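Visitor: Could you take me through this structure? I have not seen it before.

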Amino acid sequence: MKKLLVLSTALATMGFAAQADVTVMSWGGAYGAAQNQVHLQPWAAKAGVAGVMVDSDNPAAPIKAMVEAGNVTVDVASLEYADVIRLCDEGVLEPIDPAILAPGADGTPAMEDFIPGSVVECGVSTDVWANVYAYDTTKFAADNAPKTAADFFDLEKFPGKRGLKKGAKAVLEFALMADGVPAAEVYATLSTPEGVDRAFAKLDTIKSDVVWWEAGAQPPQLLADGEVSMTTAYNGRLFAAITAENKPFQIVWDGQIYENEMYVVPKGAPNKDQAMDFIAFATTTEGLRAQAELISYGPPRKSSLKEEILFKGSEFSMAPHSPTSNLGNALPSNFEFWVDHDAELNERFQAWLSQ
Amino acid sequence: MSEAATTAMLTTADGRPLKEALATAQARARRKAFLLVLPLLLFVLLTFLIPIGYMLKRSVEHDGFSASAPELDAWFAANPGFDYANPPEAAYAALVKDLARMQVEKSTGIAGTRINYTVPGSISLFKGGARAAKDLVPPYKEALLAVDAAWGEPRLWRGMESASSKYTTEFYKVASDRKLTDDGWAQGGDKERIYLYLFFKTFLVSGIITVICLLLAFPIAHLLAVLPMSKSSLLMIMVLLPFWTSLLVRTTSWIALLQEQGILNNLLVWMGIISDDSRLPMMYNMTGTIVAMTHVLLPFMVLPLYSVMRVIPPSYARAARSLGATSWTTFRRVYLPQTLPGIAAGSLLVFILAVGYYITPALVGGADGQLISNLISFHMSKSNWSLAAALAAMLLAAILLLYWLYDRLIGIDRLKLG
């Protein structure tokens, strides 16, 4: 009996220790590493708890599964804008009180400091990222290099395989913009059956030369291996490969699709209060700036952009690499369109793929 | 002497009737045996039967709409077979009431998502409708149509009527490439059909992999069975080594080996067999899927074959030869029939594993190497669990059908796994 008591006490203490760990689920790679370095670990040190970073290809799926199964092990997750809206409507996420957000470093109230659309009912933006394409500079002469979205689909002028994300979202918009649809009309076009046909017809022109990727870490690898001569990718991943690994990649800022990335708290998170505290800490002017110094996603607070952001304190300016500094012919991803048509267009996309 | 008298005489040493004592002893033994298998039984029940039952239930049950629209549920129940093209005012009144309730209960997303499965565009339609609902005044029909004309679509009313019951076969209809139209369920367009084609492809690819595995494994297993022990154990380790290596490691090694800038292509270019511009596409397509999956599944064919071949007495073949049979006849008439239980077991094992394979096609399949399991996983991640469950149930049914056919044609008792 005494033995049992000792054992159960030990187990209970262990349970406590495990509970105090605050878990954040993000996208892994350079992105997850940056958030771990400038958000999670400094906050954990300040709060006196252990902060655990876990990776996922897309945290939206595991979060939804955890909440439905009633076994939530994650306190904070990093989700795409459209997923935040969708899961918030489905009651999977905790609402976040905007009052917890700190005012800007210059004293501007938080809600005026954040750019429009970057604070929603269940999420607070950490950065603005973009789907761009990049090419391998060793494959094309400097005077004959790809410059526009249309060049991505020009196999004659720019031979070589192409890397594209295996999914309808961002790929269909990119195809339409490359086909000459102005950014402002992309979603109106994509809402009609003819527009969808037009996007797939454009994709048909390169279909046999496409290598499809799924995880964000894949495209820089495909480009580095020489498997493709150009590929779409998240701009921050390309930036990390260019700066940290000296890869000869060049980003083309034309026809890119940008989107907010947000921290959310899943319903039933084991440490809800600490999760909220973490979000408030991470989304201060300095917190957002610190992340933007490590990876080239634009900070969503105006006060974070006041001074020029330099890469890891060096002389290297982030401006040429940041989506918020390159907004010419750029398309803001439309979450309402995608919550309605994600399933339908992805089915069509899968059918098209296997034809 | 009567029979009753005879049984009455048989008693145990302490005077109890023998029949009763035997029954007690046997019951005790049965209880013991049952207690011994109980952990396994519980394990199978908890980790296998209950989840599968839950999955099957999921494929026919979804209360996302029915739970949040009680007024409309009641109206649909009272008015079967109404005019979908022109629902009456009462239906709109019920709908507006439900929409207002959804706005308060924050269930718009769930209800809209449920309808969106069959009528794309419904999520934002429901959100817009729910936001406007509390300010609408009768006549509700005109008021709601003014918010969005899509509320008058016959397809939407068909979808809502069908979703007003908790139980539905809709997910099976979607899983067989049917689409909800204004006139009811119809075959989807050529550009949208995907699931039945992928089922067919999955079975075809699994069949090809099973045949390749059999052709590769048969000589290896034979060699393993006839070589002296010292040599055959070394060979056995080489068969088992990949079996002990992580699946992901093996799959990524194949990527490194077979991709266009990979080892094999580099070697061929270096040897001058192919030119640098015509490197062979062996990865991210069907070839890659078949090669990697064959490699992963090969041990599952070798092991049952080996266990059968090991116990075939070599004297049978010698006897056939001494009676004048050629080596081909000996193989065909004497050796092969004896290996049949192993072939059957290995083929069944490899085929069933291949049908459900997911990670290898996802990594090396590219565009045309996708199998049905990849779409099931896709719908899991896109949180349409009911459709994923319906597809999985169809796959399960197909496998059970195959199993039944196998039992009828070959006999399950002839299966020998080792």
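Guide: Let me begin with a term: a crossing of two helices is left-handed if the near helix is turned anticlockwise from the far one by less than a right angle, and right-handed if clockwise. Please also note that this is a predicted model.

Visitor: Which hand does the crossing of H15(B) and H16(B) have?

Guide: The crossing of these two helices, H15(B) and H16(B), is right-handed. H15 covers residues 314-322 of chain B and H16 covers residues 327-355 of chain B; they pack at an angle of about 140°, and their axes are 10 Å apart. H15(B) and H16(B) are therefore oblique to each other.

Visitor: Which residues make the contact?

Guide: H15(B) contributes B:Tyr316, B:Ala317, B:Ala320 and B:Arg321, while H16(B) contributes B:Thr330, B:Val334 and B:Tyr335. Of the residues in this contact between H15(B) and H16(B), 5 are nonpolar, 1 is polar and 1 is charged.

Visitor: Now the two chains. How many residues of chain B are in contact with chain A?

Guide: On chain B, 30 residues are in contact with 28 residues of chain A. H5(B) gives the most to the side of chain B that touches chain A, with 5 residues. That side of chain B divides into 10 nonpolar, 13 polar and 7 charged residues.

Visitor: And how is chain A divided?

Guide: Chain A has domain 1 (19-127 + 260-322) and domain 2 (129-259 + 329-353). The centres of domain 1 and domain 2 of chain A, taken over C-alpha atoms, are separated by 26 Å.

Visitor: Which element of domain 1 gives the most to the side that touches domain 2 of chain A?

Guide: H4(A) does, with 4 residues.

Definitions and conventions. Residues numbered from 1 in each chain as written. Chains lettered and ligands numbered in written order. Predicted model: local features only at pLDDT ≥ 70, side-chain atom pairs only at ≥ 80, totals over all residues. Axes fitted to C-alpha atoms, helices over the stretch in contact; angles between N-to-C directions. Parallel < 35°, antiparallel > 145°, perpendicular 65-115°, else oblique. Contact = placed C-beta atoms within 7 Å. Nonpolar A, V, L, I, M, F, W, Y, C, P; charged D, E, K, R; others polar. Domains from an automatic or database assignment.
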